[in-house]
Amino acid sequence: MSVFERVFPLANICHSRHLIPTGQQPAARAAFRYPNFRYFMTARFLVTASSEMQSVAVGWQIYSLTHRPMDLGLVGLAQFAPGILLFLVAGHTADRIARNRILRACYGAFSICSLLLLALTFHGFTAVWPIYAVLLLNGIVRVFNGPASQALLPLLVPNEHFPTAVAWSMSTFQTAMIFGPMAGGIIYGIAGSPIPVYCCAVIAYLSALLLMWRIRVQSATSPRTPASLTMVLEGFRYIWRNKLIFGSISLDLFAVLLGGAVALLPVYAREILNTGAYGLGLLRSAPSIGAVTMAIALAHWPLRRRAGLTMLACVFGFGVFTIVFGLSRNIALSLAALVLLGACDMVSVIVRHTLVQLATPDAMRGRVSAVNMLFIGASNEVGQFESGLTAQWFGTVPAVVLGGVGTITIVLLWTWLFPSLRRVNELK
């Protein structure tokens, strides 16, 4: 075993040449036979975990400086705004430049953003606008990281092992979403400062960069079609004409946009539940715990019937548990509501992505996916801004409760407006 593999043990998981003969390697772990895949999964875990860890520190730091919920909403807006202008450019770039090269640049840029946050904190800035400037830069990097990361995965394993590679990729992502916020909250709570969190983020990003240098892939050849406004509008037009796709994407957009309580978790941790930075890490991790649990359950017991009604019911449940969380004053009940909220959201995500992929011809999938990514970003980051804005106007608890009521209203309205959604039976 090399020094590198001893430093990054996750990169050497399930190395069949040393552990199990190839013919006896379990199919579920077959993707780990390929070093490129192991390196990429380790790098993705480090990047996702450090991003979530850093988000906890940024949210806690900003709210400690201003005590204004609106400023927490601006965190999401600052990171989403670049995507509105650059999502097509980023997708086009991922088709013209080697994806591993793009990811190396992104991981290096992520580490620079963490270094800037570290420098600002060391300098003792009391204004928040420099932090927003760094978050805006971080948002630009995220726009290019997303398409390149998704497009790289098919190049790391043979086609026959790609389904298991996708499953492991989702599991790695959700595990990092659990670990990152918890680690960020614990480190911040022990140190009483975001400085150690930013230091850990820099180290993690640079470690991911080293792993990306180990990946060697043959770039796929693709047509050199220039990005154009016509190409964008064609994707929008196709979604508008296909009511099943439009209904499922817009349901997620408006339901999550209205029900986004995650941006206000620092307020709940500090002023309502009185749990401090430790509790904030737990609260941030809770939805991912529910999501990864539900993902495992659906992998073993996939939906066989009434998939459309199940999706609508789970988005309805998302709204209900948002209301429960908003009204709760007990940390255990709040955590349980967030876990169930995350579980409901995962059902919606799986059904929606399956519907979109199956209902879209292969020639249109790239453009439809680009629009879908924009909608997902809008529902998450703009949802954070909406939560911060309404909390500034009406108060934190009313804002969360009204968001949950809005999500339930959207479900009832979409059930009537898009009958094709509720008629979807099997996902195949």
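A search of the whole structure finds zero disulfides (pairs of cysteine sulfur atoms within 2.5 Å). The model is predicted: local features need pLDDT of at least 70, side-chain atom pairs count only at pLDDT 80 or more, and totals for chains, interfaces and linings use all residues. Residues are numbered from 1 along each chain as its sequence is written, and side-chain values use heavy atoms, with hydrogens and water left out.

**Cysteines**

- A disulfide is a covalent bond between the sulfur atoms of two cysteines.
- Cysteine 314 is in no disulfide. The nearest cysteine sulfur belongs to cysteine 344, 4.9 Å away.
- Cysteine 314 is buried, at 14% relative accessible area. Buried means under 20% relative accessible area, exposed over 50%, and partly exposed in between (1.4 Å probe, protein chains only).
- Cysteine 113 is also buried, at 1% relative accessibility.

- Serine 285 sits in helix α11, residues 276-300. Helices (H or I, at least four residues) and strands (E, at least two) are DSSP runs, numbered from the N terminus.
- Serine 285 is buried, with 0% relative accessibility.
- Leaving aside residues up to four places away in sequence, serine 285 touches Met177, Ile178, Pro181 and Met182. Contact means heavy atoms within 4.5 Å.
- Aspartate 252 lies in helix α9, residues 243-258. Its relative accessible area is 8%, so it counts as buried.
- Aspartate 252 and aspartate 345 are 93 residues apart in sequence. From C-alpha to C-alpha, they are 9.1 Å apart in space.

**Helix α4 with helix α7**

- The axes of α4 (residues 99-123) and α7 (residues 195-214) come within 9 Å and cross at roughly 165°. Axes are lines fitted to C-alpha atoms, for helices over the stretch in contact, and angles run from 0 to 180 degrees between N-to-C directions.
- The two helices are therefore roughly antiparallel. Angles under 35 degrees count as roughly parallel, over 145 as roughly antiparallel, 65 to 115 as roughly perpendicular and the rest as oblique.
- The contact of α4 with α7 has 18 nonpolar residues, five polar and one charged. Ala, Val, Leu, Ile, Met, Phe, Trp, Tyr, Cys and Pro count as nonpolar, Asp, Glu, Lys and Arg as charged, and the others, Gly among them, as polar.

**Helix α10 with helix α15**

- Helix α10 (residues 265-272) packs on helix α15 (residues 396-417) at about 135°, with axes 11 Å apart.
- α10 and α15 are therefore oblique to each other.
- Val267, Tyr268 and Ile272 of α10 meet Thr396, Val397 and Val400 of α15.
- That contact of α10 with α15 divides into five nonpolar residues, one polar and no charged.
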